[in-house]
Amino acid sequence: MSFHLLELLECIQVIENKMIQAKAISRYNRQSARKIRKVLNKVRGAKVNNAIDYLHFSSEKASVLIEKTVRSAVSNLMQIDENNNVNIDSLLIKEAYVNQGPVMKRFRAASMGRASKLRRPTSHLTIVIAID
């Protein structure tokens with residue numbers, strides 16, 4: 001068997017086993033990336049059903065935002081693959097990351113006629129869902 005034929009067979013195999021994935025991005029969230037990352041580390045790489053259960057009953061503010069974005073990613077996957085029946089139990093959170101967004105800078109009156117700075121951070125959350 002020649003080298004080129006082996007290469008061709010490997011390419012066909014990769015095409016047949018392609019992973020269908022969908023992405024959802026939530027931008028300009030009014031919470032710091034560090035606080036969102038604390039909750040996001042617990043659901044990264046988990047099954048979607050387990051992640052939604054954890055996020056729904058978590059008391060963190062970031063869990064509401066992450067749950068909403070995960071549900072949006074699942075909905076996007078259903079739109080991409082609408083002719084095939086996707087088993088929700090086989091969905092996996094492939095990638096989940098949060099980046100820092102722009103910081104709104106405000107000033108607040110302080111004592112003795114001074115002003116103190118207020119930083120109001122924002123963040124961008126990205127969730128990628130794939131079929132396991």
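This is a predicted model: local features need pLDDT of at least 70, side-chain atom pairs count only at pLDDT 80 or more; totals for chains, interfaces and linings use all residues.
Residues are numbered from 1 along each chain as its sequence is written. Local features need pLDDT of at least 70, side-chain atom pairs count only at pLDDT 80 or more, and totals for chains, interfaces and linings use all residues, while side-chain values use heavy atoms, without hydrogens and water.

**Exercise 1. Place S90 in the fold: is S90 buried or exposed, and which residues does S90 touch?**

Step 1. Find the element. S90 sits in the loop between helix 4 (61-80) and strand 2 (91-100). Helices (H or I, at least four residues) and strands (E, at least two) are DSSP runs, numbered from the N terminus.

Step 2. Check the cover. Buried means under 20% relative accessible area, exposed over 50%, partly exposed in between (1.4 Å probe, protein chains only). S90 has 18% relative accessibility, so S90 counts as buried.

Step 3. List the partners. Contact means heavy atoms within 4.5 Å. Leaving out residues up to four places away in sequence, S90 touches A130, I131 and D132.

Step 4. Compare sequence and space. S90 and D132 are 42 residues apart in sequence. Their C-alpha atoms are 5.3 Å apart.

**Exercise 2. Describe how helix 2 and helix 3 cross: what is the angle, and which residues make the contact?**

Step 1. Take the axes. These are lines fitted to C-alpha atoms over the stretch in contact, with angles from 0 to 180 degrees between N-to-C directions. The axes of helix 2 (residues 33-43) and helix 3 (residues 48-56) come within 9 Å and cross at roughly 140 degrees.

Step 2. Name the residues. Helix 2 supplies V39, K42 and V43; helix 3 supplies A51, Y54 and L55.
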